[in-house]
Amino acid sequence: MVVKVFVVDDSAVVRQALAHMLLGHPEVELIGSAPNPLLAMDMIRKHPPDVLLLDIEMPGMDGLTFLRQIMAGTPIPTVICSTLSTEGSKVALEALSAGAVAVLAKPKLGLKQHLEDSRREMIQTLKTAARSRPRARTASADAFAARPMAARAPVLGSVHALAMNKPVVIGSSTGGTQALEWVLTHLPADAPGIAITQHMPEKFTAMYAARLNGICAMNVREAKDGDRLERGVALIAPGGLHMQLRKAAGQYFVHVLDGPPVNRHKPSVDVLFKSAAECGGRDVLGILLTGMGDDGARGMKVLHDGGARTIAQNEETCVVFGMPKEAIKLQAVDDVLPLEGMARAILQFDSRA
């Protein structure tokens with residue numbers, strides 16, 4: 001399969017650099033480009049691409065507004081190509097929430113080795129994006145997430161605040177930023193503690209956690225070594241570091257550590273899941289959400305064989321049915337559920353004696 005790519009970027013220099021990076025690759029074809037979304041609309045309507053490579057900051061209509069329009073109609077797998085400054089990263093997170101499949105840093109022009117490294121990453125990301133199935137982001141979903149916390153009641157009701165500490169571990173990758181947002185915004189303030197590994201660059205995780213913290217009843221934050229996993233708290237593994245679960249004196253804590261990538265990822269879902277199996281056993285609920293590859297599948301098998309309850313997201317609601325599919329193949333999964341059923345499954349598991 002040759003992936004047809006369309007580029008939208010207001011910089012002619014960047015468009016030329018991207019075209020050069022994609023030129024001659026047997027699996028990727030650049031079918032067109034435009035300096036702004038207004039010109040791009042008609043062009044991609046006539047010749048729909050497999051993947052849209054989109055800048056954020058552009059005159060006339062910014063990339064985020066354009067992305068939301070696309071996702072509200074006929075979604076096209078979209079990769080954001082942006083300057084990942086602090087401010088740029090915040091906007092890129094909004095793009096991921098709006099339905100973008102991935103975010104890439106703009107190539108640093110003139111640095112030959114960096115361009116080659118960027119080319120390899122870009123080709124792989126575009127191929128991954130082409131196999132994804134982005135879900136339309138409805139206006140009602142955006143309105144739900146944007147409502148102030150004081151005006152929002154927990155969607156599924158609450159559980160008793162003094163219930164047993166039964167940790168939940170969640171792993172996700174491509175499409176996971178949206179999926180996690182859906183799950184966490186549908187949980188009450190006293191939901192069981194959740195440890196999350198989402199494949200994400202290190203510049204993103206603190207801002208991503210802060211964004212979720214502003215729209216969730218639970219407290220959501222980037223994990224620090226030694227943080228206690230308690231009720232009403234969701235801890236997200238920092239980008240560039242692994243996260244493990246530990247148990248001491250009847251309480252669960254997270255251990256944040258450096259180390260080599262596992263399954264090409266750092267943080268790795270397998271690292272979190274295997275540690276949860278070791279310290280939590282049958283008290284743990286493991287959930288594997290949308291993502292490319294197989295990270296988390298073997299860890300979920302260890303959880304499952306140790307008596308933990310395990311759930312995988314179903315193919316129909318996954319952006320990429322990779323990681324859940326691999327876990328199902330290993331017979332590591334107790335239930336396969338749609339994304340919309342995950343929050344209820346967490347509360348049902350928590351309420352069991």
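Q: What makes strand S5, helix H5, H7 and helix H8 stand out in the lining of the largest pocket of this predicted model?
A: In this predicted model, strand S5 (102-105), helix H5 (112-130), H7 and helix H8 (202-215) each supply at least two residues of that lining. H5 gives the most, with nine residues.

Q: How do you know which residues lie closest to the centre of the largest pocket?
A: The pocket has a volume of about 1,200 Å³. Of the 38 residues that line it, Val103, Leu104, Glu121, Thr125 and Pro201 are the closest to its centre.

Q: What makes up the lining of the largest pocket, by residue class?
A: The lining divides into 16 nonpolar, 14 polar and eight charged residues.

Q: Why is the space lined by Leu93, Leu96, Ser97, Thr177, Glu181, Tyr208 and Arg211 called a cavity?
A: A cavity is a set of points where a 1.4 Å probe fits but cannot get out, whereas a pocket is an open set. The residues named, Leu93, Leu96, Ser97, Thr177, Glu181, Tyr208 and Arg211, line the largest cavity, whose volume is about 30 Å³. The structure holds one cavity of 30 Å³ or more.

Q: Which helices supply the lining of the largest cavity, and which gives the largest share?
A: Helix H4 (86-98), H7 and H8 each supply at least two residues. The largest share, three residues, comes from H4. By class, the lining has three nonpolar, two polar and two charged residues.

Q: Why are H9 and H10 called roughly parallel?
A: The axes of helix H9 (residues 269-280) and helix H10 (residues 297-305) cross at roughly 10 degrees and come within 7 Å. Angles under 35 degrees count as roughly parallel, and H9 and H10 are therefore roughly parallel to each other.

Q: How do you know that H9 and H10 meet, and which residues take part?
A: Contact means heavy atoms within 4.5 Å. Asp270, Phe273, Lys274, Ala276 and Ala277 in H9 meet Ala297, Arg298, Gly299, Met300, Val302 and Leu303 in H10. By class, this contact has seven nonpolar, one polar and three charged residues.

Q: What makes S8 and S14 the edge strands of the sheet?
A: The open sheet of seven strands has the order S8-S9-S7-S6-S12-S13-S14, with parallel pairing. Strand S8 (219-222) and strand S14 (335-337) each pair on one side only, and they are the edge strands. From one strand to the next, the twist averages 20 degrees.

Q: How do you know that S8 and S9 pair?
A: Two strands pair if DSSP finds at least two bridges between them. S8 and strand S9 (residues 233-236) have four bridges, in the parallel sense. Valine 220 has alanine 234, in S9, as its bridge partner.

Q: How do H7 and H9 lie against the strands?
A: Helix H7 (residues 176-185) lies across strand S6 (168-172), strand S7 (194-198), S8, S9 and strand S13 (309-313), and runs at about 165 degrees to S7. H9 packs on the sheet and touches S6, S7 and strand S12 (285-288), with its direction at about 160 degrees to that of S6. Angles over 145 degrees count as roughly antiparallel.

Definitions and conventions:
Residues numbered from 1 in each chain as written. Predicted model: local features only at pLDDT ≥ 70, side-chain atom pairs only at ≥ 80, totals over all residues. Heavy atoms only, no water. Axes fitted to C-alpha atoms, helices over the stretch in contact; angles between N-to-C directions. Parallel < 35°, antiparallel > 145°, perpendicular 65-115°, else oblique. Nonpolar A, V, L, I, M, F, W, Y, C, P; charged D, E, K, R; others polar. 1 Å grid on protein atoms, 1.4 Å probe; cavity = no way out; pocket = protein on both sides within 12 Å on 5 of 7 lines; lining within 4 Å. Points joined across faces, edges and corners; volume = space filled by probe spheres on them.
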